[in-house]
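This briefing concerns the salt bridges and the nonpolar packing of the structure shown below.

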Amino acid sequence: MPQKISWIDNLRAVACLMVIMIHTTTWYITGPAAVSGLHWDLANLLNSASRVCVPLFFMISGYLFFGERSAQGRHFLRIVLCLLFYSAVSLAYIAWLTPISEGRSLLKLLQKPVFYHLWFFFAIIGIYLLSPLIQVKAVSARYTAILVLVLAVLANPNTVSQSFGPFHWLPVNLYVSGDSFYYVLYALLGRAIGTMETQRRGVTPLAAAAFVACVAGIALGTKQARLSHGAFADTWYLYCGPLVFIAAISLLLLFKNCLNQRPLPVLANLSRYSLPIYGFHALFIHFLRTRHLDDMAQPLLDIPWVFGVTLGGSVLLAMLVQRVDKRHLVS
């Protein structure tokens, strides 16, 4: 168990960093001051490489709770309290530091998160609710590969439509729809792959190559879609899209095979604070961008600056919250 927890801690920390990178670079791609040229390409590449972050969180939850152990009352209490606490923090930020109407945000609290990043807390509740009903069996690597090929690629409604003349051949209609299905599938595969024997010859380099290829495909597909439509299209960015799906599995395999001895010191600390970092980070990025405390004309300086301030500020707040929250109910 210590070996498995080590790679989970490392993976959770990197997924947390990727979340910050996505929201740091999104302003270059879709924000009110979206750029073009090499600056857009750089942001697109960094964003594409980080798209696996949310799928990884679902896979980690599935690994932890879709086996012999399932989510307990304290886990449900914690996730509900987190949703309430970080929604309250976001409401305070909206009321005091933005022109956004906090009243409308509050009225739609149960339909739409107060701040965009808090949607994950709603989605993970479903995974927790299902966990007592699910105990993933040991499966073969071949079966897992076939499952991913069929459900994540061939029958994925997010797969780009393909036709041969009048004959429509992709995606195949297996009546799979809705992001929630894929969030559960991520969780199932997190448990299945997490308990699978993956230390086989060729698996690690294949996973590395697959991750690089998927990131390149996401970036190039997004750029081509932008050129074709004359505007940004999120087709290739979707968390449930086929390339993001394969990339997430590949990165999980890499961490499981290569970073499974012990938590790396820096990553171990970030993993410890990952929940409050997630809860606070979007507020820092929004503040820096909307108050023009950035310089998008120089992305090589701006991206590290916004990323670093956001990470540093979020960690400091996380440390403060943990000092007060002794039972780790929201941290």
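Aspartate 9 and arginine 12 both lie in helix H1, three residues apart, or about one turn of the helix; helices (H or I, at least four residues) are DSSP runs numbered from the N terminus. The model is predicted: local features need pLDDT of at least 70, side-chain atom pairs count only at pLDDT 80 or more, and totals for chains, interfaces and linings use all residues. Residues are numbered from 1 along each chain as its sequence is written, and side-chain values use heavy atoms, with hydrogens and water left out.

**Salt bridges**
- Five salt bridges are found in the whole structure, each a side-chain nitrogen of Lys or Arg within 4 Å of a carboxyl oxygen of Asp or Glu.
- Aspartate 9 pairs with arginine 12, their closest N and O atoms being 3.1 Å apart.
- A salt bridge joins arginine 289 to aspartate 302 (2.8 Å, N to O).
- Arginine 289 lies in helix H12 and aspartate 302 in helix H13 (residues 299–324), so the pair ties together parts 13 residues apart in sequence.
- Arginine 289 counts as buried at 3% relative accessibility; buried means under 20% relative accessible area, exposed over 50%, partly exposed in between (1.4 Å probe, protein chains only).
- Aspartate 302 is also buried, at 2%.

**Nonpolar core**
- The largest nonpolar core has 99 residues; such a core is a set of buried Ala, Val, Leu, Ile, Met, Phe, Trp, Tyr and Cys residues joined through side-chain atoms within 4.5 Å.
- Helix H1 (residues 2–29) gives the most to this core, with 15 residues.

Notes: Helices (H or I, at least four residues) and strands (E, at least two) are DSSP runs, numbered from the N terminus.
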